[in-house]
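Subject: Handover of a structure and notes on its features

Dear colleague,

Please find the structure below, together with its sequence. My notes on what was found in it follow, and I would ask you to read them with the model open beside you.

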Amino acid sequence: MSRAASIPMPPAPPLSREVALQAAEWFVLLHSGEASEADHRACAAWRQQAGIHESAWQRALAVSRQAGSVPAALGGPALGRARRRAGRREAVRALALLLAAAPAGWLAWRAAPQWTATHATATGERREWRLADGSRIVLDTASAVDIKFDSAKRLLRLRSGAIYIETSPDPVAPSRPLAVDTPQGRVRAIGTRFAVRLEAARSQVAVLHGAVEVAPRAGAATQRLQAGQQAWFDHREAAPAEPAPAGAAQWARGVLAVDDMRLDDFVAELARYRQGWLHCDPAVAGLRITGAFQLGDTDAVLGNLVHLLPVQVLYRTRYWATVAPADAGR
């Protein structure tokens, strides 16, 4: 058995995902060098609220002492490097895995797509690459893709998140197809600009120019999508094509464009670009929002919400926020 498979942990009952995330958030914040005295007092109060909270905190301390047995990004002085390389949100999620399911959590963390893929982005980051054939790709927040070109094919294997692609004529072999693989199937480009997004059990493709063919992994039939269309697909079938919204791939330009979107869906989408924990109170979940918002400053987006809708943003810490009714707490 490897050393990593025997991380010592203090005896404790199993931790729920919620408690593990809370403990991880407090731990990463307090070791970030940015925590205020109020943050330290709030953390102490949280630890005293319940025995399971203190147990989770002690687990976090135990993990931090195992710098030689856990990924360096979670060990004391390396936390700064973790923030630079993958963002605070990844550190929180990784630590939460360890607290809730160590050592299995660490093994899952080591296999996370962002740490092993050929191209990857952190939370809130978008990056562009020009491929060997001249094609251009943009990776969305917290995304990962493997690029595999050979004499017969040009393959992009999307492992998490979303990717935008502008294909280019292949200078090596004009007949060499370019395709994007997801766990649910394959999207083959036909001289096009398109975006593919991966979720837990399905994938979505939106076509901006040209066309693509969608082939579900276990399905017999393929489906062609033309410019201006999008469709979801799982490993068995593709849903009927529907009009793609005007902002379908605006994220590649750093813009979240929405039209009459529910507020809880908007907040969930914004949370993908923000380090920490962002939640929408059910009392305002059904409000609708329209607009174009710059993803480079999610704090500014949250600040704008209070001028657009009858809501307020309540901060438990800098990295723990809730969009709530404007009169909440009054």
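The chain contains 9 helices and 17 strands. Please keep in mind throughout that this is a predicted model. Of the 330 residues in the chain, 48% are buried. Among the contacts in the chain with a separation of 6 or more, 53% are between residues 24 or more positions apart.

Strand β8 covers residues 185–198, and T192 is found in it. Is T192 buried or exposed? T192 counts as buried, because its relative accessibility is 2% and the cut-off for a buried residue is under 20%. If neighbours within four places in sequence are set aside, the residues in contact with T192 are I165, E166, T167, V207, H209, G210, A211 and V212.

F194 also has its place in strand β8. The relative accessibility of F194 is 0%, so F194 counts as buried. With neighbours within four places in sequence again left out, F194 is in contact with a list of residues that includes I163, Y164, I165, T167 and V180. The list for F194 also includes V187, A189, V205, A206, V207, L208 and V212.

Two packed helices are described by the angle between their axes and the distance between the axes. Helix α8 comprises residues 263–271 and helix α9 comprises residues 298–308; their axes come within 11 Å and cross at roughly 165 degrees. Because of this angle, α8 is roughly antiparallel to α9, the cut-off for that description being over 145 degrees. The crossing of the two helices, α8 and α9, is left-handed.

Which residues of α8 and α9 meet? On the α8 side they are L263, F266 and L270, and on the α9 side they are T298, V301, L302 and L305. Sorted by class, the contact of α8 with α9 has 6 nonpolar residues, 1 polar residue and no charged residues.

Two residues with positive phi

Most residues other than glycine have a negative phi. A142 has a phi near 45 degrees, which is a positive value in a residue other than glycine. A142 is found in the loop between β3 (136–139) and β4 (144–149). With a relative accessibility of 16%, A142 counts as buried.

D260 is not a glycine either, yet its phi is positive, at about 55 degrees. Where does D260 lie? D260 lies in strand β13, which covers residues 255–262. At 42% relative accessibility, D260 counts as partly exposed, because that class lies between the cut-offs of 20% and 50%.

Cysteines

How many disulfides does the structure hold? The number is 0. C43 counts as buried because its relative accessibility is 2%. C280 is buried as well, with a relative accessible area of 9%.

With kind regards

Technical notes
Residues are numbered from 1 along each chain as its sequence is written. This is a predicted model: local features need pLDDT of at least 70, side-chain atom pairs count only at pLDDT 80 or more; totals for chains, interfaces and linings use all residues. Side-chain values use heavy atoms; hydrogens and water are left out. Axes are lines fitted to C-alpha atoms, for helices over the stretch in contact, and angles run from 0 to 180 degrees between N-to-C directions. Helices (H or I, at least four residues) and strands (E, at least two) are DSSP runs, numbered from the N terminus. Angles under 35 degrees count as roughly parallel, over 145 as roughly antiparallel, 65 to 115 as roughly perpendicular and the rest as oblique. A crossing is left-handed if the near helix is turned anticlockwise from the far one by less than a right angle, and right-handed if clockwise. Contact means heavy atoms within 4.5 Å. Ala, Val, Leu, Ile, Met, Phe, Trp, Tyr, Cys and Pro count as nonpolar, Asp, Glu, Lys and Arg as charged, and the others, Gly among them, as polar. A disulfide is a pair of cysteine sulfur atoms within 2.5 Å. Buried means under 20% relative accessible area, exposed over 50%, partly exposed in between (1.4 Å probe, protein chains only).
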